[in-house]
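Here are my notes on the model, point by point. Have a look at it alongside them.

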Amino acid sequence: MIERLARILNENSRHDGVTETEVPRLHILRSVTPTEAIPILHKPAVCFVAQGRKQTTLADHSYLYEPSKFLIVSVDLPISGQILEASPDKPYLCLRLDLEPAAIADVISAAVPGGLRNEEPQRGIAVSDVPTQLLDAVDRFAELLESGRESDRAVLAPLAEREILYRLLLGEQGDRLRQIAMAESKLSQINKAISIIKKNFD
């Protein structure tokens with residue numbers, strides 16, 4: 001399954017770096033060489049590595065992820081990312097799905113009819129193992145990149161994304177997903193503060 005995902009990402013990435021796809025919020029990250037640590041401002045997203053290995057650092061904490069693991073970021077964070085394992089024969093390949101609060105809230109409303117509790121915010125980044133059912137949903141989501149029918153992407157992409165969010169919600173990183181969707185959560189307030197700082201930074 002992970003090999004098929006790597007093939008799809010490799011065939012649909014036009015160059016090294018980030019490739020925007022025709023599927024909303026779905027991006028492919030690719031590199032044929034290891035890199036130095038590169039500082040970026042990472043938006044809320046979930047990243048699934050299909051090939052290669054990468055290390056992300058926030059302050060004094062490092063997060064290593066590779067096939068069978070995923071990275072989740074639940075708030076805009078200034079991090080540095082370093083690709084550790086990549087080559088022309090086996091490039092680093094990663095699928096990134098940007099997390100949309102409204103889409104998460106819609107899944108939560110169906111999965112947790114009683115609503116959400118106002119939880120304390122956690123560190124806004126984590127790495128976890130990819131459960132088989134989640135990997136299967138990600139694989140089917142990526143397969144839409146190979147479809148020649150635009151209607152497939154228009155109809156099936158929202159369903160595939162919804163399943164991925166649902167699987168994430170049920171997993172050990174579900175709390176981070178909940179916090180993104182909670183309009184009055186402390187993490188949401190932090191997000192607003194970060195947004196104000198970004199817009200007015202001099």
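1. Which residue in β8 is the bridge partner of T57? That would be S80. Strands here are DSSP E runs of at least two residues, and helices are H or I runs of at least four, both numbered from the N terminus.

2. Before going on: this is a predicted model, where local features need pLDDT of at least 70 and side-chain atom pairs pLDDT 80 or more, while totals for chains, interfaces and linings use all residues. Residues are numbered from 1 along each chain as its sequence is written, and side-chain values use heavy atoms, with hydrogens and water left out.

3. Back to the strands: β5 (residues 53–58) and β8 (residues 77–85) pair antiparallel over five bridges (pairing takes at least two DSSP bridges). Both sit in an open, antiparallel sheet of four strands, ordered β3-β8-β5-β6. Since β3 (38–42) and β6 (61–65) are at the edges with a single partner strand each, one side of each has no neighbour in the sheet.

4. S128 belongs to strand β10 (residues 125–129). S128 counts as buried because its relative accessibility is 2% (buried is under 20%, with a 1.4 Å probe and protein chains only). Its side chain makes polar contacts with the side chains of E172, at 2.5 Å, and Q173, at 2.7 Å. (A polar contact is an N or O pair within 3.5 Å, one able to donate a hydrogen and the other to accept it; residues adjacent in sequence count only if both atoms are side-chain atoms.)

5. R176 lies in helix α5 (residues 174–181) and, at 10% relative accessibility, is buried too.

Notes
Buried means under 20% relative accessible area, exposed over 50%, partly exposed in between (1.4 Å probe, protein chains only).
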